[in-house]
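Open the model in your viewer and keep the selection tool ready.

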Amino acid sequence: MDKKNESPNTDLILLGLFPGMKHVNFLVSAILLIYTVALTTNSILILLICVDPHLHTPMYFLLSQLALMDMMLISSTVPKMATDFFSGRRNISRVACGTQIFFFLTLGIAESILITLMSYDRYVAICNPLRYALIMSQKVCLQMAAISWVGGTLTSLAHTAYTMHFPICGSREISHFLCEVMAILKLACEDVSAYEKAVVTTTIMVLFIPLSFILSSYALIFLAVLRMNSPEGRNKALATCSSHLTVVILYFGPAMLVYMRPSSYHSPKLDEVLFMLGAILTPMMNPLIYSLRNKEVVCALKKVLGRCLTLN
């Protein structure tokens, strides 16, 4: 398209969840319930990790960072979506759209890095337990958290700036409930095929390579677990690792299906379903997976509740 056909109105229009769907109000109500549960459970998990000395370990420090990222990730999409639904207003400025893309990508990429580093933590804990305290020192844990946040921020900043610099022509309607890179590129006046390849390349770097590293780490972990003599130690290691692997599947599965499919295979409805799984359902599931399957977290919760009841 020619740049002279660029739309004079800079506002974009989010069509929302499954345009034309009947009884969408029930879906929005369910999402708001999920949002409330996600904020509550992640907040409780962070609180428990902060107040219980038994949870002051590298694994739980990294888990607290994941919980914080989950809270921010779901908050980058649900409030705007709910506000649009109840107010009836669908427009969003280019600045607000760029801001949403930036935070969504920052948190998504940061989680990818963090989950990968968490697999390394489990690898050291199980395969090299005698050196665990030395390798996973407080300084290293802080560096891991910093790498996750900074890596996500810088990568997101580059993609957000480049995506939003494209002029938009014709229709300004985004068939989605949030501003998202691939959806914005469909509205661009210029040829974006080269940049779409760059997006796929970045996806390989932040999803496929970390996933390969995670699977390699867990292959070594399971080999080490099979050699354990203690059934109790084996069961504890498997319980912790299975929780982490469940989170890996929940996070990497939808993300890879969204960004690693050829553009010809993309459909708005399927993309919305995948984004709901990755950006809305997963932040609620993560703390439940780690808490319900983790005796240390359950014990910490019982202690806190016991103190509260005693004070009352």
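Which residues make a nonpolar surface patch of about 510 Å²? Select Val-200, Ile-204, Met-205, Phe-208, Ile-209 and Met-260. Areas are Shrake-Rupley values with a 1.4 Å probe, and for residues only the protein chains shown count as cover.

This is a predicted model, where local features need pLDDT of at least 70, side-chain atom pairs need 80 or more, and totals for chains, interfaces and linings use all residues. Numbering starts from 1 along each chain as its sequence is written, and side-chain values use heavy atoms, without hydrogens or water.

Now pick Ile-204. It sits in helix H8, residues 193–226.

Jump to Thr-160 in helix H6, residues 138–164. Thr-160 is buried, because its relative accessibility is 8%. Show its contacts (heavy atoms within 4.5 Å): beyond four places in sequence, Thr-160 touches Gly-98, Ile-101, Phe-102 and Leu-105.

Zoom out and colour by secondary structure. The protein has 11 helices and three strands (DSSP runs numbered from the N terminus: H or I, at least four residues; E, at least two). Buried residues are 47% of the 312. The C-alpha atoms fill a box of roughly 70 × 50 × 35 Å along the principal axes.

Notes
Buried means under 20% relative accessible area, exposed over 50%, partly exposed in between (1.4 Å probe, protein chains only). Patches are made of residues with over 30% relative accessible area and no salt bridge: like charges are joined within 9 Å, nonpolar side chains (Val, Leu, Ile, Met, Phe, Trp, Tyr) within 5 Å. A salt bridge is a side-chain nitrogen of Lys or Arg within 4 Å of a carboxyl oxygen of Asp or Glu.
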